[in-house]
Amino acid sequence: MSEFYDTHAHLGYPDFADELPQVVARAAAAGITKIICIATDLASSERAIQIAGQFPNVFAVVGWHPSDASQAPEDLRPALRELARRPKVVALGETGLDYYRLPSRKPEFPADGDEIYKRKQAEIFRQHLEVAAETGLNCVIHQRESLEDTIEILKPFADRVRGVFHCYANDVPTMQRILAMGSLVSFTGILTFKNGQNVREALAATPLDKLMLETDCPFLAPVPYRGKRGEPAYVKEISEVAAQVKGCSLDELSSATCATANRFFRGLAGALP
Ligand SMILES: [Zn+2]
Ligand SMILES: [Zn+2]
């Protein structure tokens, strides 16, 4: 069986609280040999580190999600610096910009609510990049309906920090701009969806050594589990479709994506298993 990694799993979500050992065991049985547990705020960063401490093949990414930026402290950097030093922390994130749910879509918010919200997201994103540059870590980047602003903020850091644009769902030229900055893309179960043709086209055009696979579980479970709770074991179904799209064997896809992840995430190479 070819091995794969789940490079983006929200194992700290309450969805998994009752059966974390079983979820991790099912992943191992499906050939998913490493799992990156991703955080969305300080409490979930602590939780990700704690889960990584429980399982030899689970690692933590610590940071603050842009959708929750309003609740973030003005200066997140001291907390990020402290978290970055903890065992099994392999990157910062998920960070970035998300304009999908702007305050103006809710009636109770003031007229300048969107600008305040976007400015806070940008500040928090920049703080992740600053700490990443200081500590030599890379960043897991979330962007939704905010592509140009995300690229503009990342660009000045591109010589020091690499990003992975996770849950990649943009077009081929955008993928090429991301790779030109030294960053990567990663693909979820959307690859398996009937309406995922644009994402399959983006994958088809991405060089084999510039991409990773992820579930973003509990979200985005691939076919045939679409609509259900996702889990890391389902990287198997994602990898099967990805190999078809790339026209390569599962072994080739395995070697390429695992090597890319081992280079991108600090300390992942050489770690167990
Ligand atoms: Zn995300
Ligand atoms: Zn996520």
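Which residues does valine 235 touch, not counting residues up to four places away in sequence? In this predicted model, the residues touched by valine 235 are Phe4, Tyr5, Asp6, Ile32, Leu213, Glu214 and Thr215. Valine 235 has its place in helix α8, which spans residues 235-246. With a relative accessibility of 0%, valine 235 counts as buried, because the limit for burial is a relative accessible area under 20%. Phenylalanine 187 lies 48 residues from valine 235 along the chain, and the C-alpha atoms of the two residues are separated by 9.9 Å.

The overall fold was then examined. The protein chain comprises nine helices and eight strands. Its radius of gyration is 18 Å, close to the 19 Å given by the globule rule for 273 residues, and the chain is therefore as compact as a globular protein of that length. Along the principal axes, the C-alpha atoms of the protein chain fill a box of roughly 55 × 40 × 40 Å. Of the 273 residues in the protein chain, 56% are buried. Among contacts in the protein chain with a separation of 6 or more, 73% are accounted for by residues 24 or more positions apart.

The accessible surface of the protein chain amounts to about 11,500 Å², and carbon and sulfur atoms contribute 53% of this area. With regard to charge, the protein chain carries 30 positive and 35 negative side chains. The centres of these two sets of side chains lie 2 Å apart.

Attention was next given to the metal site. A distance of 3.4 Å separates the zinc ion (ligand 1) from the zinc ion (ligand 2), and glutamate 94 coordinates both ions. Distant parts of the chain are linked by the pair of glutamate 94 and histidine 166, which are 72 residues apart. Glutamate 94 belongs to strand β4 (residues 89-98), whereas histidine 166 is in the loop between β6 (163-165) and α6 (172-180). Glutamate 94 is buried, its relative accessible area being 2%. Histidine 166 likewise counts as buried, at 6% relative accessibility.

The loop between β6 and α6 also contains cysteine 167. Although cysteine 167 is not a glycine, its phi is positive, at about 50°. Alanine 169 has its place in the loop between β6 and α6 as well. Alanine 169 is partly exposed, with a relative accessible area of 38%, because this class covers values between the 20% limit for buried residues and the 50% limit for exposed ones. Apart from neighbours within four places in sequence, alanine 169 is in contact with Asn198 and Val199. The C-alpha atoms of alanine 169 and glutamine 54 are separated by 33 Å, and the two residues are 115 positions apart along the chain.

Two cis peptide bonds were identified in the model, as described here in turn. One joins cysteine 217 and proline 218, with omega at about 15°. Proline 218 is placed in the loop between β8 (211-213) and α8. The other joins valine 223 and proline 224, with omega at about 10°. Proline 224 lies in the loop between β8 and α8. Leucine 220, also found in the loop between β8 and α8, has a positive phi of about 55° although it is not a glycine. At 25% relative accessibility, leucine 220 counts as partly exposed.

A further residue examined was glutamine 127. Glutamine 127 has its place in helix α4, which covers residues 113-135. At 7% relative accessibility, glutamine 127 counts as buried. When residues up to four places away in sequence are not counted, glutamine 127 touches Glu74, Asp75, Leu76, Arg77 and Leu80.

Methods. Residues numbered from 1 in each chain as written. Chains lettered and ligands numbered in written order. Predicted model: local features only at pLDDT ≥ 70, side-chain atom pairs only at ≥ 80, totals over all residues. Heavy atoms only, no water. Helix = DSSP H or I, 4+ residues; strand = E, 2+ residues; numbered from the N terminus. Rg over C-alpha atoms; globule rule 2.2 N^0.38 Å. Buried < 20%, exposed > 50% of the residue type's maximum accessible area, 1.4 Å probe, protein only. Contact = heavy atoms within 4.5 Å. Areas by Shrake-Rupley, 256 points an atom, 1.4 Å probe, with all protein chains shown as cover. Lys, Arg positive; Asp, Glu negative; His and termini not counted. Charge placed at Lys NZ, Arg CZ, Asp CG, Glu CD. Donors = N, O, S within 2.8 Å, 3.2 Å for Na, K, Ca; no water.
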